[in-house]
Amino acid sequence: MTAISLSHPQIHPGGVPLLNNYLEFKANPLGFWFNVGKQGPVVKVNLGPKRPFWVITDADLFQTILAKKAKNFPRDRQIRDRKGLDRTKTVFNAPTYEEWLWRRRLLQPAFHTKQLKGFAETFVSETQRLIEEVDLTTPIDLVFMMKTLTMRIICKTMFSASVAETAVLQNCFERLGEFNYRRLSAALKLPLWVPTPHKLDAQEASNTRWEMVEEIVQERLTSGEAKGDLLDMLISAQLDDEEAFGNGGKFDGEDLVSEMLSIIFAGHDTTAMTMVWLIYLMTQYPEVEQKLRAEVDGVLNGRTITLEDIDNMPYTHQLIQETLRMYPTVYLTLREAEEDDLLGDYPIPGGTQLVINIRGIHRDPTHWNDPESFRPERFTPENNKARHKFAYLPFLAGPKKCIGDSFAMMEMRLVIPTLVQALNFTYASNKPAKEKAGFVMETAEPVMMKVEKQVS
Ligand code: HEM
């Protein structure tokens, strides 16, 4: 019999009594995860008195956690315990694999490319509406602009919401998101019943968004009117195994509200911030802007883009892919070992929490030549084929891969050409934009842009 040689995580050095590595993390979360990733493929950190994590930065181990043994490594218990302010029950926070699967199977058909094609016109018309609204007299806040756009797009395609309803929801999501992220990353937490002003505000935001979407769902269920949006598809989705979760194989009213809120959450900031980073980078690299504009003008020649055009715009696609590599809006995610297991050759105790270091692997020289350079051209079909499948994970991989990946890519491949065709952006600050960790990767400051109409 050959003996198996076992490995053990490296320990991240430094730290102070009780808080351990928390202060280093808190001072610069993104830098912290990145440095830990450079230390080794599996590194143990401690973010407080009782918050150990194994930080994983290794494509083979990602493949094991996210695909080969996905059932043994569910999302982290903080996500699944559903004890936060947010009372939604969704595919994202399903406590068991069975419930996750049931929800995913009901949602999946609504995200099929065939269905998404019907949304292409909305992606373009909402961008055109925004272009008409842009104030050309003073620098604009690009983050707010792109969040407004993606929020309008998701609310319109989800449930045909009006611009006014969308603005209220956008405000609620901002307030609740900030509270939840601060809580998730705190070393010690106050119990949720403590009525701090911040908690009361987040609670109010959570209730308002619930009531708004509930009203929309109830109205649709009562009227039975079909509007051709995602809500219609989720209402009519039906699984054959009717006993599943006691709902006759369907989403009930509460599920519909929950799933829609979670899709809005998952689908708007992620896409908005990717486009913010892309436009910012375009203003920093004149040769990138030139190539992008040449492609857009060459294919469109002044007319409105259609879905058929995007396959003729490979550079636009590469630019989005490279933006997602260097600035992955979901820069990490969490998993947990359900029970004692062997992860590669690392014996892992049940209950261990894992950080999937997405940004770390995206800048790992093992997989990327000159990883700190911004080079859209690296995403050639040959390079994509040759690369380890788990070294590029902007949408993750395996069964829990982002359900909205095709939605997001189609959206960005239509929105970006529409924007650059109509507008010129000039970065209106002499300080480079900096990354900031939140639920998604934000920018530390608003990204101010001077915008002019493009002269054809
Ligand atoms: C650039 C844009 C986007 C990025 C980078 C992104 C990234 C991700 C990632 C990394 C996950 C996996 C998280 C985990 O398992 O811990 C995820 C899950 C998910 N995403 Fe996205 N996403 C984007 C856009 C969207 C859009 C547009 C939608 C919906 C319209 C969406 C809906 C979802 C949902 C529902 C899940 C949970 C899937 C499941 O549990 O089975 N995402 N996304």
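Select Phe 425 first: Val 451 in strand 12 stands opposite Phe 425. Keep in mind that this model is predicted.

Now widen the selection to both strands. Strand 9 and strand 12 (residues 448–453) run antiparallel, joined by five bridges. Strands of a sheet pair through backbone hydrogen bonds, either parallel or antiparallel.

Next, select residues 405–422, helix 17, and residues 286–300, helix 13. At what angle do the axes of helix 13 and helix 17 cross? Roughly 95°, with the axes coming within 10 Å. An angle from 65 to 115 degrees counts as roughly perpendicular, so helix 13 and helix 17 are roughly perpendicular to each other.

Show the side chains at the contact. Helix 13 supplies Leu 292, Arg 293, Val 296 and Leu 300. Helix 17 supplies Pro 417, Val 420 and Gln 421. Five of the contact residues are nonpolar, one is polar and one is charged.

Last stop: the largest nonpolar core, with 112 residues. Select Ile 56, Met 260, Ile 264 and Val 276, the residues with the most contacts inside this core. Then select helix 12 (residues 253–284), which gives the core its largest share, 17 residues.

Leaving aside residues up to four places away in sequence, Ile 264 touches Ile 154, Cys 155, Met 158, Leu 169 and Phe 173.

Note on methods
Residues are numbered from 1 along each chain as its sequence is written. This is a predicted model: local features need pLDDT of at least 70, side-chain atom pairs count only at pLDDT 80 or more; totals for chains, interfaces and linings use all residues. Axes are lines fitted to C-alpha atoms, for helices over the stretch in contact, and angles run from 0 to 180 degrees between N-to-C directions. Helices (H or I, at least four residues) and strands (E, at least two) are DSSP runs, numbered from the N terminus. Angles under 35 degrees count as roughly parallel, over 145 as roughly antiparallel, 65 to 115 as roughly perpendicular and the rest as oblique. Two residues are in contact if their C-beta atoms, placed from the backbone, lie within 7 Å. Ala, Val, Leu, Ile, Met, Phe, Trp, Tyr, Cys and Pro count as nonpolar, Asp, Glu, Lys and Arg as charged, and the others, Gly among them, as polar. A nonpolar core is a set of buried Ala, Val, Leu, Ile, Met, Phe, Trp, Tyr and Cys residues joined through C-beta atoms within 7 Å. A residue is buried if 20 or more other C-beta atoms lie within 10 Å of its own, exposed if 12 or fewer, and partly exposed in between; C-beta atoms are placed from the backbone. Two strands pair if DSSP finds at least two bridges between them.
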